[in-house]
Amino acid sequence: MTDLLASVYPWTKSLHIMAVITWMAGLFYLPRLFVYHAEQSEPGDSRDEVFQTMERKLLRVIMNPAMIVAWGAGLMLVATPGIVDWGAVWPYFKLAGVLGMTWFHHWLGRQRNAFANGAAASSGRHYRMMNEVPTILMVVIVVSVVVKF
């Protein structure tokens with residue numbers, strides 16, 4: 001099995017990078033949609049329906065599959081011999097960042113459900129502030145992987 005993982009490593013890494021880019025695009029865009037949804041619509045109006053459709057499709061059609069592929073390819077990379085030095089600190093920082101991204105993804109899903117149920121209680125300002133979370137986590141992850149401290 002390790003020979004197979006080593007032979008497909010460039011393909012796995014490519015798939016992982018593409019999935020992460022797609023996932024991150026959604027993690028950046030969905031909170032912005034929430035800002036506009038919170039500030040420019042009321043539950044049940046025509047804009048509310050448009051925002052809900054956009055948010056649902058972004059989450060279910062793009063973000064969820066991208067997260068699953070990013071995790072799957074990432075786990076394959078971790079299982080490939082010689083890729084991760086578990087004696088270093090960086091893999092644990094990356095793991096913490098990825099777990100944070102996953103938490104944020106699920107938090108966004110809960111917020112989308114709140115909008116769908118007409119129970120969204122957060123302000124546009126709150127969503128603007130939360131939009132910085134994936135940026136901070138991305139910095140932690142990228143610096144961990146590239147610098148390998």
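Residues are numbered from 1 along each chain as its sequence is written. In this predicted model, local features need pLDDT of at least 70 and side-chain atom pairs count only at pLDDT 80 or more, while totals for chains, interfaces and linings use all residues, and side-chain values use heavy atoms, with hydrogens and water left out.

Me: How many helices and how many strands does the protein have?
Reply: Helices (H or I, at least four residues) and strands (E, at least two) are DSSP runs, numbered from the N terminus. From that end on, the elements run α-α-α-α-α-α. The count is therefore 6 helices and 0 strands.

Me: What percentage of the 149 residues is buried?
Reply: A residue is buried under 20% relative accessible area, exposed over 50%, and partly exposed in between (1.4 Å probe, protein chains only). The C-alpha trace of the protein spans about 55 × 25 × 15 Å along its principal axes. Of the 149 residues, the buried share is 37%.

Me: Are α3 and α4 roughly parallel or roughly antiparallel?
Reply: Axes are lines fitted to C-alpha atoms, for helices over the stretch in contact, and angles run from 0 to 180 degrees between N-to-C directions. The axes of α3 and α4 are 10 Å apart, and the two helices pack at an angle of about 155 degrees. Angles under 35 degrees count as roughly parallel, over 145 as roughly antiparallel, 65 to 115 as roughly perpendicular and the rest as oblique. The relation of α3 to α4 is therefore roughly antiparallel.

Me: Is the crossing of α4 and α6 left-handed or right-handed?
Reply: The axes of α4 and α6 come within 8 Å and cross at roughly 155 degrees, so α4 is roughly antiparallel to α6. A crossing is left-handed if the near helix is turned anticlockwise from the far one by less than a right angle, and right-handed if clockwise. The crossing of α4 and α6 is left-handed.

Me: Which residue forms a salt bridge with E39?
Reply: A salt bridge is a side-chain nitrogen of Lys or Arg within 4 Å of a carboxyl oxygen of Asp or Glu, and the structure holds 1 salt bridge. Its closest N and O atoms are 2.7 Å apart. The pair links distant parts of the chain, 89 residues apart, with E39 in helix α2 (residues 9-40) and its partner in helix α5 (residues 124-130). The partner of E39 is R128.

Me: Which helix gives the most to the nonpolar patch?
Reply: Patches are made of residues with over 30% relative accessible area and no salt bridge, with like charges joined within 9 Å and nonpolar side chains (Val, Leu, Ile, Met, Phe, Trp, Tyr) within 5 Å. The nonpolar surface patch here covers about 860 Å², and its members include V89, F93, I136 and F149. V89 lies in the loop between α3 (46-79) and α4 (90-116). The helix that gives the most, with 7 residues, is α6.

Me: What is the phi of K148?
Reply: K148 is found in the segment after α6. At 44% relative accessibility, K148 counts as partly exposed. Although K148 is not a glycine, its phi is positive, at about 50 degrees.

Me: What distance separates the C-alpha atoms of P10 and T80?
Reply: P10 has its place in helix α2 and is partly exposed at 48% relative accessibility. P10 and T80 are 70 residues apart along the chain, and the separation of their C-alpha atoms is 11 Å.

Conventions
Accessible areas come from the Shrake-Rupley method with a 1.4 Å probe; for residues, only the protein chains shown count as cover.
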